[in-house]
Amino acid sequence: MACNGTGCESGCYKDSTGDEVEKSSTKKLNGDVNGDGNHHRHQTTCLKCKAAEATIFTGGEGGSRFCADCFRSNLYGKFKLAVTSHAMISPTDKVLVAFSGGPSSRVALQFVSEMQLKSQKNFDATAIRDRSLPVFGVGVAFIDETELHPITCTDFNKAIEDIKEIVSNLSPTKKELHIVPIRNIYSTKTSDGSETLKNLINTVSDATGKEDLLSHLRMLSLQKIAIENGYTKLVLGSCTSRIACHVLAATVKGQGYSLAADIQYADARWEIPVVLPLRDCLIQELNILCSLDSLKIVEEFKDSRGGINGLVSSFVKLLQEENPSRECTIVRTAGKLTPFPFNKIPETNTDSNDVHLASQRRHKKFNLKPIESLPPDSFCPICNSPIRDLQSVTSFTNSQTTPELFGAACCSSCQYQILPEELSSMEEFYSFLPQSIIERARNGNQKWIREKIQDCLILDDEDEV
Amino acid sequence: MDGAHGGEKTKSRLCSICNQRRPALKRPKTLQQICRECFYVVFEEEIHSVIVNNKLFKPGERIAIGASGGKDSTVLAYVMSELNRRHNYGLDLFLLSVDEGITGYRDDSLETVKRNEIQYGLPLKVVSYKDLYGWTMDEIVKMIGLKNNCTFCGVFRRQALDRGAALLKVDKLVTGHNADDIAETVLLNILRGDIARLSRCTSIITGEDGPIPRCKPFKYTYEKEIFIKDLERIRPRAILDIIKSGEDFRIATSTKMPEQGTCQRCGYISSQKWCKACVLLEGLNRGLPKLGIGRTRGVNRKDDQHNDAKNIQSKPCGSLDF
Amino acid sequence: MQLTLEFGGGLELLCDSVKIHSIDVDLPAEEKKLTMKHLLAWVRSNLIKERPEMFMKGDTVRPGVLVLVNDCDWELSGQLDTTLENKDVVVFISTLHGG
C-alpha cells in the first residue's frame, strides 16, 4: 500500500519537527533578534559554570553551550566516566592506544595520557607513604597500510615524523610507539607478506567486503602488537558518530545478531580486551577539541569509505545535520540490544576478594546490570562475530581444515561479501589467509573464548549472591 | 558496467527459468533474468507460500485489502483475488479505501481503486474522514490553516484503515507493505530509538499493536527511501539483509511495548486515556485546534474533561464498535 | 527518430501531468546511434518542467526510477548504453512512495 504519508503532498509546508528545533536554535544563536539585551546575555553564558561567556556550541543532545574550559572538562568527563564505570584501565594495566592519525584516536591518545599524568601525580603524592597503586603504562600503535593505499614517499615520511612528534610530546613519560606495516599479520618468516596481502584483498570482489576485510586485518594486527609487547588493554577511539554508522551498516549487512557485541564499552572476545572510552563523544566535539587545543592531526592516511559503509556515513551525516541528536539516538537504541557475556572486562584472579568488592561497588555506583545472556555458539573466523547457530561445529573435531569447511564456519555476512563464490577462487583466498585466521577456524578460538566467557559467567553469578 | 552488450545481445539471451522467452527484468532478490510470464508465476507462488507458511488466513474469513490506488495496493488486490480463486482460500475479500476529503487529491486514486473493483470483482468500501471523524481534511485545514494539518492527517490516517476495517466487520486487514517498507521501518525504529517496536516490526502480523505508524514528515520519508534505493543499487540483497538483521536483533523478551490500553472514548488502542485522534477531535470540536499539538498532552492532563462531554456530542465522531 | 515515452508513478507530474509523449529526437552530432544517455539528457532539457532532481541524479535516473525499454528492464540492455531504435517505447516509473 502506498505510504500512508502521501497526504502530506496536499499542502504540507511544514515537514518535520526537526525544522522547528532548527529554527528555534537559530533564534537562540542570534539572540539579539528578540531585541532583548538581557535575554541575549543569558543565552550566551556557559551552561555549566554560568559565568564565562559560551564560545562553543555543540550539536550534541540538548545542543549544549559551553565556555572553552567547561567544554574541555565536560568531554574529558565523558571519557573518564566510561573508563571508571567499566573498569577499562586498572593501575597494573599496560594499555595500547590505536592511533590512526584522525581526530578521534588523537583525542583518545590525549585523554589517556592526561589520565596517566593524573595518576602519576597521585602516585608521586602518596609515594612516600604507600606504593600500592602503580601507574598504568601507555603505548601507541600505528598500522601502516600504505602498501594497500599507496601515498607518496614525501607524504609518508612527513606523516611518520608528525606521528613521532605527537607521541614524543605526550607527558608524563616517554611512550613506546609501534609503527607496524599491516603485512606483519603474516609470520615474519614469510618475506612476501605484502604480495600475499594484496592477493588476499584482490580475491574479494565486493567493494564493501574488501573494506571490511581490511578492518578485520587491522584488528588482527593491533592484537598482535599488543600480545607481542605485553599490553593488557587495547584502546580504540571509536566515537558515537562512528558507532552510529556501524549500527546502520551492520544492520544493512544482515549482522543484526552480532551487532550488540561490537558497540559496547568493552569487548573481551579478543585475546587482548578492547575498550571504547569515547563511545559517548560526538565527532563534532572531538573536532572542536582538536582545534581548540591545537591537537595535531595526521591527514595523510585519511581513508575514504566507499560502498555500503560510505553510503551509510553520508546518510548519517545528513540525518545529523537535520537533527543533532540523531547519532546519539541510534547508538542508544542499539545499546538496548542485549550484549554478550564477553562485553565486560574480565576480572583478574589475583586478590580476587578485593577485586570482587571493587566490582560490586562499581556495579552499584554506576547502576550496571550484570549481563545475563548466554554465550554464542561460535565465532566467525574472519570477523570474529558471534554466530548463533553453528552449522558445522563438528567439522573441526579433526584438525584438518579445508577451504569449504573454513567457508562454512564463517558468518553469513562474511560468506556473502568477503568469501569468493567460486571454489577455485575460494581456494586461492584460503591460501592467502594469515595463519592466525586459519588457527582461529581450526581450534583455538572457540575453546579459548569459551574459557574466557566462563570467567565472566561465574563472576556474574557471584555478583548476585 | 556491462555496457558492451547492446540490444541484439539481449534479445538472444533467454529467461533463466523457462529458457524460452526473452527476459524482461532482473529480479533484485536473485539477480536472475526472467521473462514477464515467469515473473508473475514466481511472484505469485512466493506470496502463496508466505500465506500458507505463516497461516495468515482461515477459510471463511472476511478480509479487507487496504487500497490506496497506489502500485503496491493494486498489485496486492490482484494477487489476493487471484490466489483466493486459484488456491481456494475461501476468503471474502473487500477493497477498503480511505477518503481524506481533500478536494482534488483522492480523485485519481479513487478512480484506480474503482477500476480494481471492476477488474478483480472485489466489493469496494470507501470510508471518508467525514464518516470516521465527522470532519474532512478540507474542513480541518479551513479551521487550523496549513501549518499543522500534517499532525491531523497523520494521526487520523493511522487509525482510518483500522476503523474502516471495524466498520466493515472484517477479520483481518491486509496492506501492501513490501520488503522495502519493512526495511525502512527497521531503520526508522533505530533512528527514532524505538527499541520496543524494533523488536516486532519485522513480524508479519502486527496484530494488536495496530498498524506500523507510517506517516512521517514527507522529507524524512523521502531521504530514507532514497537511502534504501541507493543501497539496493550497490547491493540488491541489502533490503533482505536489513530484514534479517531486524529478525536477529538480540532484544530481551522483557522489553515491553509502552502500556497499551484502549481509548476511553472510541475504544481504539491508546496508551493514554484518550487516543490521539480523539484528543485532536476534541480540539477541533471545541474550536481549540491547537489542543494535542506540540508538547502539552491536552485533555489527557485534565481531570475535568467530563464537563465538556456535551460539546463532544455536538459533532459526531464516527462511533465504532470494536 | 520517433520514440514513445511514458511517465508513471508520479513522474508525469514533472512534465505537466502528461503521461505519454510521442517525440522526435535527432541523433546527436557525430554519433550514429541514439543511446539512453543521450535520451535522458534530451528529456531533462525538453520534457521535465520542474524539479529535475526528482528524475535525474548525475547523468542517470535517480535511484528508485524504473526504466523499461520496449517492456524490458534497462538493466538487461546495458542501462545508459542501451541503444534506441525508431519506434521504441521507453517507460519511466517512480517506485518511491508518494509518487
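**A residue and its surroundings**

A: C:V25 counts as buried, with a relative accessibility of 2%; buried means under 20% relative accessible area, exposed over 50% and partly exposed in between, with a 1.4 Å probe and protein chains only. The model is predicted, so local features need pLDDT of at least 70 and side-chain atom pairs count only at pLDDT 80 or more, while totals for chains, interfaces and linings use all residues. Residues are numbered from 1 along each chain as its sequence is written, chains are lettered from A and ligands numbered from 1 in the order in which they are written, and side-chain values use heavy atoms, with hydrogens and water left out.

C:V25 belongs to the loop that lies between β2 and β3 (34-35) of chain C. Strands (E, at least two residues) and helices (H or I, at least four residues) are DSSP runs, numbered from the N terminus. Leaving aside neighbours within four places in sequence, C:V25 is in contact with C:M1, C:L3, C:L34, C:L39 and C:W42, where contact means heavy atoms within 4.5 Å. From C-alpha to C-alpha, C:V25 and C:M1 are 5.2 Å apart in space, although 24 residues separate them in sequence.

Strand β1 (residues 2-8) of chain C and β2(C) run antiparallel and are joined by 5 bridges; two strands pair if DSSP finds at least two bridges between them. The open sheet has 5 strands in the order β2-β1-β9-β6-β7 (chain C), and its pairing is mixed. At its edges stand β2 (20-24) and β7 (72-73) of chain C; each has a single partner strand, so one side of each is left without a neighbour in the sheet.

Chain A also holds an open sheet, built from 6 strands in the order β5-β4-β3-β6-β8-β7, again with mixed pairing. Its edge strands are β5 (176-181) and β7 (266-267) of chain A, each of which pairs on one side only. Strand β3 (residues 94-98) of chain A runs parallel to strand β4 (residues 137-144) of chain A, with 5 bridges between them, and the bridge partner of A:V95 in β4(A) is A:V138. Helix α4 (residues 103-126) of chain A packs on this sheet, touching β3, β4 and β6 (233-235) of chain A, and its direction makes about 155° with that of β3(A). Such axes are lines fitted to C-alpha atoms, for helices over the stretch in contact, and the angles run from 0 to 180 degrees between N-to-C directions. Strand β3(A) is also parallel to β6(A), through 3 bridges, and there A:L96 stands opposite A:L234. Of the 5 residues of β3(A), 4 are buried. Helix α5 (residues 153-168) of chain A lies across β4 and β5 of chain A, at about 155° to β5(A).

Chain A is divided into domain 1 (69-365) and domain 2 (378-454), with bounds from an automatic or database domain assignment. Between them, 28 residues of domain 1 are in contact with 24 residues of domain 2. The two domains of chain A bury about 2,300 Å², 67% of it on carbon and sulfur atoms; buried area is the accessible area (1.4 Å probe) that two parts lose on being put together, summed over both. On the domain 1 side, A:T203, A:Y257 and A:R269 lose the most area to domain 2, together 24% of what that side buries.

In chain B, the UniProt record (an unreviewed entry) carries a "binding site" annotation that includes B:G66 and B:V98; such annotations may be inferred rather than shown by experiment, their positions follow the numbering used here, and feature names are shortened. B:G66 is placed in strand β3 (residues 62-66) of chain B and is buried, at 0% relative accessible area. B:V98 is found in strand β4 (residues 92-99) of chain B and is buried as well, at 13%. Beyond four places in sequence, B:V98 is in contact with B:R106, B:V127, B:Y129, B:A160 and B:L161.
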